[in-house]
Amino acid sequence: MTTVCNLAAQIEQRLLARDSVVEAFFAEQASALSIACREMSERFLRGGRLLAFGRGPFATDAQHVSVEFVHPVIVGKRALPALDLSLCFAPWLEALLKPDDMVMGFAPPEGDPAIDKALNFATQRQAMTFALPGVEGSYAMKACTNDPFIHQEIVEILYHTLWETVHVFFEHRELGHSVGEAEFLYPFLGREKQETSGILAQVSDSIRMKANDDTRLRLQVVRTESERISGAVLAIRERLLAGGKLIIFGNGGSATDANDFAIDCVAPPPGYAPIPAVSLSSEAANITAIANDVGTELIFLRQLVAHAKPQDVVIAISTSGGSRNLLTALAEAKKLRLLSVALLGYDGGEIKRQNLADFPIVVEADYIPRIQEVQASIYHSMREALEVVGQDA
């Protein structure tokens with residue numbers, strides 16, 4: 001029988017197994033990524049757009065890219081034009097694509113012929129292309145692992161670093177000015193306009209440092225959260241055996257993580273058994289209707305009331321732990337006596353302070369991209385652990 005302690009040891013092992021793979025990839029690719037990002041900045045300044053797409057769980061990466069570039073997490077950064085075309089990517093590309101655009105295709109480690117075909121079309125139209133993974137493109141990533149979860153985590157770090165770094169090049173290409181609240185992240189930036197050729201090495205070092213930060217944070221999670229994660233997994237398993245389902249939700253980038261977690265449950269990698277799950281964040285019509293008619297605070301609560309059954313599990317994903325629509329939904333889940341899990345950043349925020357989750361799992365960091373990257377490692381590890389305890393049942 002699986003216990004909290006021996007499951008925690010397995011989760012720790014899986015979390016730490018990511019470190020060497022991730023660090024090796026970014027140590028090798030940092031220079032190429034900094035050059036690619038410089039070209040992205042040039043294309044954005046000429047009016048280009050970022051068009052992203054994928055299928056299955058990799059469509060959620062396209063969603064994440066779109067929200068990161070359009071709605072930047074750092075106050076004062078510009079909104080950059082980005083679209084998720086996953087729903088119907090080939091016709092949309094044909095209708096929308098311009099030569100200055102950037103096209104990003106997401107796929108599993110073994111690739112996806114439909115994604116490759118769309119990227120080849122974009123190349124013929126003179127767009128910049130990112131094959132994630134692939135063998136052809138302006139930037140083509142060779143998959144460094146066959147594990148679809150670790151592969152996806154590497155890709156998430158990759159596009160987060162592209163988003164962070166493109167703003168660095170903007171600061172150097174336009175009239176010199178301070179980078180404001182983000183200045184502490186990039187100590188090599190100042191008020192004077194500079195040529196970008198001189199900062200490529202510094203940008204590359206910064207990209208490597210971001211991967212190293214994730215290693216540090218995963219180790220911290222192993223030390224402080226592994227038993228709580230394993231306890232959550234075992235409690236979730238009991239609810240699933242009783243006929244329950246997972247109800248997952250979050251805002252912004254966390255919404256895309258909720259969608260990814262749900263898809264990993266219902267359409268898992270080969271060899272995994274499906275788990276019933278839904279993502280309330282994927283319901284665009286419901287979200288916009290509720291927000292328009294009664295307010296954004298109720299976008300998850302209204303859906304939860306409609307869908308929740310006594311044996312269900314609520315999983316909230318948040319970097320701040322303070323979003324009011326999550327607080328109201330978790331408070332309702334508590335009234336309904338649903339099992340609740342929360343993946344949180346910073347110090348856990350109001351969700352932890354108000355004791356709104358049975359299992360608050362905290363990544364103690366204050367920078368959103370790094371929090372999200374390590375949260376992806378956590379929920380992927382939870383999915384793996386659910387498979388392990390399922391086999392023991």
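Where is the place of Pro-133? In this predicted model, Pro-133 sits in the loop between strand 4 (128–132) and strand 5 (139–140). A cis peptide bond links Leu-132 to Pro-133. Its omega is about 5°. Most peptide bonds are trans, and most residues other than glycine have a negative phi. Arg-337 is not a glycine, yet its phi is positive, at about 60°. Arg-337 also lies in a loop, the one between helix 10 (324–335) and strand 9 (339–344).

Helix packing was examined next. Helix 1 (residues 4–45) packs against helix 12 (residues 368–392) at an angle of about 135°. Their axes are 10 Å apart. Angles over 145 degrees count as roughly antiparallel and 65 to 115 as roughly perpendicular, so an angle between these ranges is classed as oblique. Helix 1 is thus oblique to helix 12. The crossing of the two helices is right-handed. On the helix 1 side, the contact is made by Leu-7, Gln-10, Ile-11, Arg-14, Leu-15 and Arg-18. Helix 12 contributes Ser-377, Ile-378, His-380, Ser-381, Glu-384, Ala-385, Val-388 and Val-389. By class, the residues of this contact are seven nonpolar, four polar and three charged.

Helix 1 also meets helix 6 (residues 200–241). Here the axes come within 8 Å and cross at roughly 165°. Helix 1 and helix 6 are therefore roughly antiparallel to each other. Their crossing is right-handed. The contact of helix 1 with helix 6 holds 22 nonpolar, eight polar and eight charged residues.

Helix 2 and helix 7 form a further pair. Their axes lie 9 Å apart, and the packing angle is about 180°. The two helices are therefore roughly antiparallel to each other. Thr-60, Gln-63, His-64 and Val-67 make the contact from helix 2. From helix 7 come Gly-253, Thr-256, Asp-257, Asn-259, Asp-260 and Ile-263. The residues of this contact divide into two nonpolar, six polar and two charged.

Empty space in the model was then considered. Rolling a probe the size of a water molecule over the atoms shows where such space is left. The largest pocket holds about 520 Å³ of space. It is lined by 17 residues, of which Gln-63, Ala-255, Thr-256, Asn-259 and Ser-281 are the closest to its centre. Helix 2 (59–70), helix 7 (253–266) and helix 8 (284–293) each give two or more residues to the lining of this pocket. By class, the pocket lining has six nonpolar, 10 polar and one charged residues. Gln-63, Thr-256 and Asn-259 belong also to the contact between helix 2 and helix 7.

The count of cavities of 30 Å³ or more comes to one. The largest cavity has a volume of about 60 Å³. Its lining consists of Thr-60, Asp-61, His-64, Gln-152, Glu-156, Tyr-159, Thr-256, Asp-257, Asp-260, Ala-376, Tyr-379 and His-380. The elements giving two or more residues to this lining are helix 2, helix 5 (148–173), helix 7 and helix 12. The cavity lining divides into three nonpolar, five polar and four charged residues.

Thr-60, His-64, Thr-256, Asp-257 and Asp-260 line the cavity and take part in the contact of helix 2 with helix 7. His-380 lines the cavity and belongs to the contact of helix 12 with helix 1.

Methods. Residues are numbered from 1 along each chain as its sequence is written. This is a predicted model: local features need pLDDT of at least 70, side-chain atom pairs count only at pLDDT 80 or more; totals for chains, interfaces and linings use all residues. Side-chain values use heavy atoms; hydrogens and water are left out. On a 1 Å grid over the protein atoms alone, a cavity is a set of points where a 1.4 Å probe fits but cannot get out, and a pocket is an open set with protein on both sides within 12 Å along at least five of seven lines; lining residues have an atom within 4 Å of a point. Grid points are joined across faces, edges and corners, and a volume is the space filled by probe spheres set on the points. Helices (H or I, at least four residues) and strands (E, at least two) are DSSP runs, numbered from the N terminus. Ala, Val, Leu, Ile, Met, Phe, Trp, Tyr, Cys and Pro count as nonpolar, Asp, Glu, Lys and Arg as charged, and the others, Gly among them, as polar. Axes are lines fitted to C-alpha atoms, for helices over the stretch in contact, and angles run from 0 to 180 degrees between N-to-C directions. Angles under 35 degrees count as roughly parallel, over 145 as roughly antiparallel, 65 to 115 as roughly perpendicular and the rest as oblique. A crossing is left-handed if the near helix is turned anticlockwise from the far one by less than a right angle, and right-handed if clockwise. Contact means heavy atoms within 4.5 Å.
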